[in-house]
Amino acid sequence: MKIRTMLGDITKVSCDAIVNAANTSLLGGGGVDGAIHRAAGPGLLEECRGLDGCRTGQAKITQGYDLPARYVIHTPGPIWRGGDDGEAGLLADSYRNCLELAESHGCRAVAFPSISTGVYHFPLEEASRIAVGTIRDFAGRAVSVQEVILVAFDARTKGYYDRALECDQGPVCF
């Protein structure tokens, strides 16, 4: 499986599925969540209303509507509470569950934003290591998923994900 980073707007990425860093209601919000809902159009909100929300670390899939992606995979990442409330495990669960949904829907290429590092305040350095580690772990059992794109909204975020991809020793590389 190929893993790469890019600087840009996830709503413009043409691939099988983009991941939405959603809130638990799945009904839109700010940041990436709001941008995806706006770009997808009203059909996305209508479909999300029927999903009955989603628990933190879990994932649900919808159509992509007006997006260049066929699907949107929604996952509420954890809110950072200092690191002693299971946040790392929940963030890994978010990435893993999104990849499993993508795999079960035959997706070849999946684009992720930086989950939980915006208004949920997950530390970017730790989040990038968790994301890359979880994706690499999944790569060994992937069949349909051939490419994962880590889409960064800014250069600082991209830098952390680039460093995590270059590193095989975890925190020693940072």
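Q: Welcome! What makes up the sheet in this model, and in what order do the strands lie?
A: This is a predicted model. Its open sheet holds six strands, placed in the order β1-β6-β5-β2-β4-β3, with mixed pairing. β1 (2-7) and β3 (60-63) each have a single partner strand, so they stand at the edges and one side of each is left without a neighbour in the sheet. From one strand to the next, the twist averages 25°.

Q: How do you know that β1 and β6 count as paired?
A: Two strands pair if at least two bridges are found between them. β1 and β6 (residues 147-152) share six bridges, in the parallel sense, so by that rule they pair. Within this pair, R4 stands opposite I149 in β6.

Q: What joins β2 to β4, and what joins β2 to β5?
A: β2 and β4 are linked by six bridges and run in the parallel sense; there N20 faces H74 in β4. β2 and β5 are also parallel, joined by two bridges, and the rule asks for at least two, so they count as a pair. The bridge partner of I18 in β5 is A111.

Q: Why is β2 described as mostly covered?
A: Five of the six residues of β2 are buried. Here buried means under 20% relative accessible area.

Q: What makes T75 a buried residue?
A: The relative accessible area of T75 is 0%, and the cut-off for buried is under 20%, so T75 is buried. T75 sits in strand β4. Leaving aside neighbours within four places in sequence, its contacts include V19, N20, A21 and A22, along with S94, C98 and I115.

Q: Why is T56 called partly exposed?
A: T56 has a relative accessible area of 28%. Buried is under 20% and exposed is over 50%, with partly exposed in between, so 28% makes T56 partly exposed. T56 lies in the loop between α2 (42-49) and β3. Beyond its neighbours within four places in sequence, T56 touches T24, P76, G77, P78 and L90. T56 and R163 are 107 residues apart in sequence, and their C-alpha atoms are 27 Å apart in space.

Q: Which helices lie across the sheet strands?
A: Helix α3 (residues 87-104) lies across β2 (17-22), β3, β4 (71-76), β5 (109-112) and β6, and runs at about 155° to β4. Helix α5 (residues 155-166) lies across β1 and β6, at about 160° to β1.

Q: What makes α1 roughly perpendicular to α2?
A: The axes of α1 and α2 come within 5 Å and cross at roughly 115°. The range for roughly perpendicular is 65 to 115 degrees, so α1 is roughly perpendicular to α2. The contact brings I36, H37 and A40 in α1 to P42, L44, L45 and C48 in α2. By class, those residues are six nonpolar, one polar and no charged.

Q: How do you know whether L26 and D52 are buried or exposed?
A: L26, in the loop between β2 and α1 (31-40), has 0% relative accessibility, so L26 counts as buried. D52 is in the loop between α2 and β3. At 73% relative accessibility, D52 counts as exposed, because the cut-off for exposed is over 50%.

Technical notes: Residues numbered from 1 in each chain as written. Predicted model: local features only at pLDDT ≥ 70, side-chain atom pairs only at ≥ 80, totals over all residues. Heavy atoms only, no water. Helix = DSSP H or I, 4+ residues; strand = E, 2+ residues; numbered from the N terminus. Axes fitted to C-alpha atoms, helices over the stretch in contact; angles between N-to-C directions. Contact = heavy atoms within 4.5 Å. Buried < 20%, exposed > 50% of the residue type's maximum accessible area, 1.4 Å probe, protein only. Parallel < 35°, antiparallel > 145°, perpendicular 65-115°, else oblique. Nonpolar A, V, L, I, M, F, W, Y, C, P; charged D, E, K, R; others polar.
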